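This briefing covers salt bridges, strand pairing and selected contacts in a single chain. The sequence and the structure come next.

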Amino acid sequence: QLDTVLEKTGAYSKIIGSNREVQEYLKNPADREKEWNIESSGSYVMTILNNSDIESMFVYDLVGNYHVMSRGKPPVPAKDSVTEADWYSAVSSGGGRYFVYFEGGNFFEQQEEGFLSVISLIKDTESGERLGVLICNVSLEQIMRPIRSRTVLCRIMDGMGNMFYCSQEEY
């Protein structure tokens, strides 16, 4: 279940990052004041958000501007820019793969309900230039429900070595 959720979210992040509207948003800072069509009900990105395990998405440029889409109350960023995040150098040099961190790897303020963040670099589809970062958050409760209902030994850690679940204390 966990691998499936993360793999699907990782695949969605590639689709979202290469979406024309997301690319235009990151390439044209002057146009950001206009209403972003990505949140219209027919938008491909909103269809993914509404029909996946993703609870919230943050599209960041590299200077601190961002746009958030959420099915509920999104987490609050604790840093001004993704370039200040502890994980930024890994993500920016990650060769197009996604990284998983508990609650954004301390990028967001603490919340009552935990979540996993799938974080990936967004590159210009034409030039390959770095444009921004996509953070897709998935509720821990949604992920853990099937794991807790089984008698399986497991330990789940994020990309920074933070353990957020262990099926037995002596594991």
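Is Glu55 buried, partly exposed or exposed? Glu55 counts as partly exposed because its relative accessible area is 28%; buried means under 20%, exposed over 50%, and partly exposed in between, with a 1.4 Å probe and protein chains only.

The model is predicted: local features need pLDDT of at least 70, side-chain atom pairs count only at pLDDT 80 or more, and totals for chains, interfaces and linings use all residues. Residues are numbered from 1 along each chain as its sequence is written, and side-chain values use heavy atoms, with hydrogens and water left out.

**Overall make-up**

- The chain has 5 helices and 7 strands, where helices (H or I, at least four residues) and strands (E, at least two) are DSSP runs numbered from the N terminus.
- Along the sequence, these elements follow the pattern α-α-α-β-β-α-β-β-β-α-β-β.
- Of the 171 residues in the chain, 47% are buried.
- The accessible surface of the chain is about 9300 Å², and carbon and sulfur atoms account for 43% of this surface; areas come from the Shrake-Rupley method with a 1.4 Å probe, and for residues only the protein chains shown count as cover.
- Taking contacts (heavy atoms within 4.5 Å) between residues at least 6 apart in sequence, 48% join residues at least 24 apart.

**Salt bridges**

- The whole structure holds 3 salt bridges, each defined as a side-chain nitrogen of Lys or Arg within 4 Å of a carboxyl oxygen of Asp or Glu.
- Side chains of opposite charge can pair when their charged atoms come close.
- Arg20 and Glu24 form a salt bridge with an N to O distance of 3.3 Å. Both residues belong to helix 2 (residues 20-27) and are 4 residues apart, about one turn of the helix.
- Arg20 counts as exposed because its relative accessibility is 55%, whereas Glu24, at 38%, counts as partly exposed.
- Lys27 and Asp124 form a salt bridge at 3.4 Å, N to O. Lys27 is in helix 2 and Asp124 is in the loop between strand 4 (115-123) and strand 5 (130-139), so this pair ties together parts that are 97 residues apart in sequence.
- Lys27 is partly exposed at a relative accessible area of 33%, while Asp124 is buried at 11%.
- Arg71 and Glu55 also form a salt bridge, with 3.6 Å between the closest N and O atoms. This pair links distant parts of the chain, 16 residues apart: Arg71 sits in the loop between strand 2 (66-70) and helix 4 (88-92), and Glu55 sits in strand 1 (residues 54-61).
- Arg71 is partly exposed, its relative accessible area being 37%.

**Sheet and helix packing**

- An open sheet contains 5 strands in the order 2-1-5-4-3, with antiparallel pairing; two strands pair if DSSP finds at least two bridges between them.
- Strand 2 and strand 3 (99-102) are the edge strands, each pairing on one side only.
- On average, neighbouring strands of this sheet are turned by 20° against each other, direction ignored. Axes are lines fitted to C-alpha atoms, for helices over the stretch in contact, and angles run from 0 to 180 degrees between N-to-C directions.
- Strand 1 and strand 2 run antiparallel and are joined by 5 bridges. Ser56 stands opposite Ser70 in strand 2.
- Helix 2 lies across strand 1, strand 2, strand 4 and strand 5, and runs at about 40° to strand 1.

**Loop residues**

- Asn19 lies in the loop between helix 1 (2-17) and helix 2. Asn19 counts as buried because its relative accessible area is 13%.
- The Asn19 side chain reaches the backbone nitrogen of Glu21 at 2.9 Å, a polar contact being a pair of N or O atoms within 3.5 Å; within protein, one must be able to donate a hydrogen and the other to accept it, and residues adjacent in sequence count only if both atoms are side-chain atoms.
- Asn19 and Thr125 are 106 residues apart along the chain, and their C-alpha atoms are separated by 9.1 Å.
- Asp53 is placed in the loop between helix 3 (44-50) and strand 1.
- Leaving out residues up to four places away in sequence, Asp53 touches Val5, Arg71, Asn137, Val138 and Gln142.
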